[in-house]
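Colleague: I am new to this one. Could you show me how to read a few of its features?

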There are 2 protein chains.
Amino acid sequence: MERTQQFAIGIDIGGTGTKFGIVNHRGVISHKGDDIATNTFKKVEDFVDALYIALKPAIDQIGINHLKGIGIGAPNGNYYSGTIEYAPNLHWRGIVPLAKLISERFGLPSSLTNDANAAAVGEMMYGAAKGMKDFIVITLGTGVGSGIVANGHLIYGHDGFAGELGHTIIRPGGRKHWSTSLDGSLEAYASATGIAITAREMLENSDKSSLLSAYQPEKINSKIVYDCAMKGDEISKEVYRFTGQILGEALANFVMFSSPEAIILFGGVIKAGDLIMKPTKEHMEKNLLPIFQNKVKLIFSELKEADAAILGASALVWEMRD
Amino acid sequence: MERTQQFAIGIDIGGTGTKFGIVNHRGVISHKGDDIATNTFKKVEDFVDALYIALKPAIDQIGINHLKGIGIGAPNGNYYSGTIEYAPNLHWRGIVPLAKLISERFGLPSSLTNDANAAAVGEMMYGAAKGMKDFIVITLGTGVGSGIVANGHLIYGHDGFAGELGHTIIRPGGRKHWSTSLDGSLEAYASATGIAITAREMLENSDKSSLLSAYQPEKINSKIVYDCAMKGDEISKEVYRFTGQILGEALANFVMFSSPEAIILFGGVIKAGDLIMKPTKEHMEKNLLPIFQNKVKLIFSELKEADAAILGASALVWEMRD
């Protein structure tokens, strides 16, 4: 069948909601359903049923022969085994054979990986990384995820779990991560959660007046820090400078690993724009060997955030072997 | 032509000596010449001539039709361009088109990469990584080099310079590197040079008596530290414990990048055996997410050090397309 007549289903599973849609080869989403509340389904089989019922009308309309397969992005999704393994923010425990369950229910081949890897494939297929063979996607949201492409292929590693750059240590002996208990990992600083913690710490350790003082400390989140920084608040700006420094140092390490053409940043934290980008770029360049300096493009994702998860997941389908 | 009748020339260019030999498909070196003193040749063309003259008798004996090509490992060797670029410890300045010069002189295809990448290909072809598709080789010598294999292929990056893990920052704001001026890079601690510096620092900052005190500080090298540690010297043992901690933390970061099946350590520093291996393994495991723990094999290279450089370089030839 010609590529132009083919469609892919993209499913993005998050702790809160699951998004899904049908996508053509150029990245146009033709059918998008309402989000499904992931964790209302105690049994994964019931969740798969709900997905199938929601997608069935669109599948019938397109014709199943025009569907090449189903791509799924999920936390702790393992590409090799098609399983979700011990995802801390999903209710299904242990190892869940999701790709198999979905394939059987839909009668279509399916491919599963974690959400950040799916984002990387999406950028390569439809987004800022089109035509690139070596790049890294860093997702900066509640957590920090990553997808690494080298030689034109995602790096999955020997067990399917490669690309956990959010958990690399960038401040040995530094801030303990609230969930992993690792000391000084990137996610502890460069996630939205980390930014809020930094703001609370800086506020507590400073005598300066700050717009942040208007909030109860536990209510401060990255959105508030951003708003205050935009109003010129010194401490809030310092929070972003510090966050950018740590992120930039981490990116320098990643560059010396795989020497990507570009690093593509994605997710809520990048809404801060230059506030985070300038110190990130400065400290990345500063920590690179000269042979790497001023070569790596540091860019924001071009995918619409609302669609990116579905696009990324669907893009896995075009990577499938026929 | 059948593989069994084919041979490859391996050339390893170092700042001091250049080693070379002819290797068969099983990694047996059939002809090995005397080392050439690299830096006695002011013009690279004269160096290539000397290599050709040294290898000519062996080439004639085997028959040029039985030679598939020439693999070259060299500092700052770029796989894509076949050039050596700004190698600090070679006398030839700027960008040297070495692969082209050698191909023309020998009338054989040639392939060039840096020495650590060559070591990784050597391990995959003849050594501890036989059959592996995802692994990392770390060379711990005067400097710290690395070669990263993912999905069965070396990661070269978009520009041919990937895999400079020795220059990743593991102690932000830490020890300044004597040559790169980066602060707190792995090489500043985990190389033989770094071990000697750590020993001098610990000796200076300690009141304990130490066998190291018998040496002039500037004469202390990693060999002396090793000998003293084996005699039970506390400070020398602490030097290895500290070095292993830093190396282990760095390895944890590398694992979370590419999730290799194994990390293969190679070079002079690993002669310290368990002195370095035990703390390295301990701190690697400690800094890994649970999904990565107790999975990565941390092993020493199985290649004889005297032959490894030639084998690694020659192995590039078997990677060439016919």
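Modeller: Gladly! Axes are lines fitted to C-alpha atoms, for helices over the stretch in contact, and angles run from 0 to 180 degrees between N-to-C directions. Helices (H or I, at least four residues) and strands (E, at least two) are DSSP runs, numbered from the N terminus. This is a predicted model, where local features need pLDDT of at least 70, side-chain atom pairs count only at pLDDT 80 or more, and totals for chains, interfaces and linings use all residues. Side-chain values use heavy atoms, without hydrogens and water, residues are numbered from 1 along each chain as its sequence is written, and chains are lettered from A and ligands numbered from 1 in the order in which they are written.

Colleague: At what angle do helix α3 and helix α9 of chain A pack?

Modeller: Two packed helices are described by the angle between their axes and the distance between the axes. Here α3 (residues 115–126) and α9 (residues 305–318) of chain A pack at about 75 degrees, with axes 7 Å apart. α3(A) and α9(A) are therefore roughly perpendicular (65 to 115 degrees; under 35 is roughly parallel, over 145 roughly antiparallel, the rest oblique).

Colleague: Which residues in α3(A) and α9(A) meet?

Modeller: Contact means heavy atoms within 4.5 Å. Among those meeting are G122(A) and M125(A) in α3(A), and L311(A) and W318(A) in α9(A).

Colleague: Is T139(A) buried or exposed?

Modeller: Buried means under 20% relative accessible area, exposed over 50%, partly exposed in between (1.4 Å probe, protein chains only). T139(A), in strand β10 (residues 135–140) of chain A, has 17% relative accessibility, so T139(A) counts as buried. Leaving aside neighbours within four places in sequence, T139(A) is in contact with residues including A116(A), A119(A) and F266(A).
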